[in-house]
Amino acid sequence: KGAVEIPAPVDHLCTKNVLVMDYLPGVKLVSAMQGQAAREAARRGVSVDQFEAEYLEKLKRPPGCLKNLGVALEDAQLAMYRSTLQLRDAIANTPLLLARSCGLSKANYFT
């Protein structure tokens, strides 16, 4: 309970334009998150729309640890930080993407 499972691709059915993955029975992640938001909104006595708006606004603010240090991040700084994280993720995933584009199966990525 509480675990998130990720379906594996079915390599022999995948093409350049189609990704086929294993079927996983159960509740979809989005549905579970919507249910959690509804429960939290009810607990707080607000509508789901109001709860979501407050949550999204909270995500736009700097983390509490930065506020406590008196650091105010500008939009440009946040954009730079996001870009850096995206670049890091792209670099980390490059070997897998290259292996996949060369037609290697998941089992042969690093052998």
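From the N terminus on, the order of elements is α-α-α-α.

Some ground rules. This is a predicted model, in which local features need pLDDT of at least 70 and side-chain atom pairs count only at pLDDT 80 or more, while totals for chains, interfaces and linings use all residues. Residues are numbered from 1 along each chain as its sequence is written, and side-chain values use heavy atoms, with hydrogens and water left out.

I'll take the whole chain next. Of its 111 residues, 8% count as buried; buried means under 20% relative accessible area, exposed means over 50%, and partly exposed lies in between, with a 1.4 Å probe and protein chains only. The chain exposes about 9700 Å², and carbon and sulfur atoms supply 61% of that area. Those areas come from the Shrake-Rupley method with a 1.4 Å probe, and for residues only the protein chains shown count as cover. As for contacts, meaning heavy atoms within 4.5 Å, take those between residues at least 6 apart in sequence: 21% of them join residues at least 24 apart.

Now to helix α1. The segment before α1 (29–44) holds Lys28. At 63% relative accessibility, Lys28 is exposed. Its C-alpha atom is separated by 9.6 Å from that of Val4, which is 24 residues away along the chain.

How does the span of α1 compare with 1.5 Å a residue? The 16 residues should span 22 Å, and the end C-alpha atoms are 23 Å apart, which agrees. The expected span here is 1.5 Å times one less than the number of residues.

Which residues of α1 are buried? They are Ala37, Glu40 and Ala41. These three cover an arc of only 100° around the axis, so they sit on the same side of α1; the arc is taken from the directions from the helix axis to the C-beta atoms. The buried residues of α1 pack against α2. On the face turned away from that buried side are the exposed residues Arg39, Ala42 and Arg43.

In general, side chains of opposite charge can pair when their charged atoms come close. Glu40 and Arg44 form another, at 2.8 Å from N to O. Through shared partners, the salt bridges join Glu40, Arg43 and Arg44 into one network.

An α-helix has 3.6 residues a turn, so residues three or four places apart point the same way. Arg43 and Glu40 are 3 residues apart in α1, so about one helical turn separates them.

Glu40 is buried at 16%, Arg44 is partly exposed at 47%, and Arg43 is exposed at 61%. Just after α1, Gly45 takes a positive phi of about 75°.

Last, the aromatic rings. Rings of Phe, Tyr and Trp (its six-membered ring) pair if their centres lie within 6.5 Å; planes under 30 degrees apart count as stacked, over 60 as edge-to-face and the rest as tilted. By this rule there is 1 aromatic pair. The ring centres of Phe51 and Tyr55 are 6.3 Å apart and their planes stand at 25°, so the pair is stacked. Both belong to helix α2 (residues 48–60), and being 4 residues apart, they are separated by about one helical turn.

How values were computed
Helices (H or I, at least four residues) and strands (E, at least two) are DSSP runs, numbered from the N terminus. A salt bridge is a side-chain nitrogen of Lys or Arg within 4 Å of a carboxyl oxygen of Asp or Glu.
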